Amino acid sequence: MVRVGLTPERLTEAGAELADEVGFEQVTVSALARRFDVKVASLYSHVRNSQDLKTRIALLALTELADRAAEALAGRSGKDALTALANVYRDYAREHPGRYAAAQLRLDPQTAAASAGVRHARMTRALLRGYDLTEPDQTHAVRLLGSVFHGYVSLELGGGFSHSAPDTDATWARILDALDTLLRNWPAPPTDPRG
């Protein structure tokens with residue numbers, strides 16, 4: 001087999017495809033070497049180890065998600081923006097389950113700060129400005145949205161909702177309605193009973 005053209009980018013893309021096929025946790029340099037029919041040692045000039053490969057796949061997934069989110073959010077606000085962002089995450093997870101899992105990889109602070117994860121946070125905060133939330137409530141809302149999106153998608157991908165009615169699409173729509181209502185009627189912070 002011709003080995004020309006192995007680059008960090010090509011290996012990252014192949015690793016991402018492998019993650020979608022067999023699961024992110026199963027991606028290793030050895031598995032990737034088998035995919036290219038090369039010796040493991042020949043890949044170490046392109047990636048340091050399996051953790052480096054997984055980090056590269058995570059960064060690719062974060063970039064792909066951010067690009068999709070930016071496109072989906074363009075010109076939208078309020079519930080339309082909320083729905084668009086939520087659907088980007090859900091659709092990406094369905095299309096690319098391994099890459100979606102990679103996007104959840106804990107990155108070191110320096111890598112995280114340079115990643116497309118920063119774009120995700122900015123887009124979510126921009127969406128929330130349409131709901132007139134200020135700090136610290138905006139941060140609380142960012143965490144809420146991330147938890148609901150990821151939690152639902154993870155349970156759905158794991159088959160957690162496959163044995164009961166109503167249809168998961170109907171539930172997803174109701175969850176987005178509920179989130180929109182909550183964001184429009186965000187509760188005031190509790191008062192200090194000592195004060």
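How much space lies in the largest pocket? About 680 Å³ of space lies there, in a predicted model where local features need pLDDT of at least 70, side-chain atom pairs count only at pLDDT 80 or more, and totals for chains, interfaces and linings use all residues. Residues are numbered from 1 along each chain as its sequence is written, and side-chain values use heavy atoms, with hydrogens and water left out.

**View 1. The largest pocket and its lining.** The lining consists of 24 residues, and those nearest the centre of the pocket are Tyr89, Gly117, His120, Val142 and Gly146. On a 1 Å grid over the protein atoms alone, a pocket is an open set of points where a 1.4 Å probe fits, with protein on both sides within 12 Å along at least five of seven lines, and lining residues have an atom within 4 Å of a point. Its volume is the space filled by probe spheres set on the points, which are joined across faces, edges and corners.

**View 2. The helices around the largest pocket.** At least two lining residues come from each of helix H3 (50-73), helix H4 (78-95), helix H7 (117-129) and helix H8 (137-157), and H8 gives the most, with 7 residues. The protein has 9 helices and 0 strands, where helices are DSSP runs (H or I) of at least four residues and strands (E) of at least two, numbered from the N terminus.

**View 3. Buried residues.** Of the 195 residues in the protein, 38% are buried, a term for under 20% relative accessible area with a 1.4 Å probe, counting protein chains only.

Technical notes: Buried means under 20% relative accessible area, exposed over 50%, partly exposed in between (1.4 Å probe, protein chains only).
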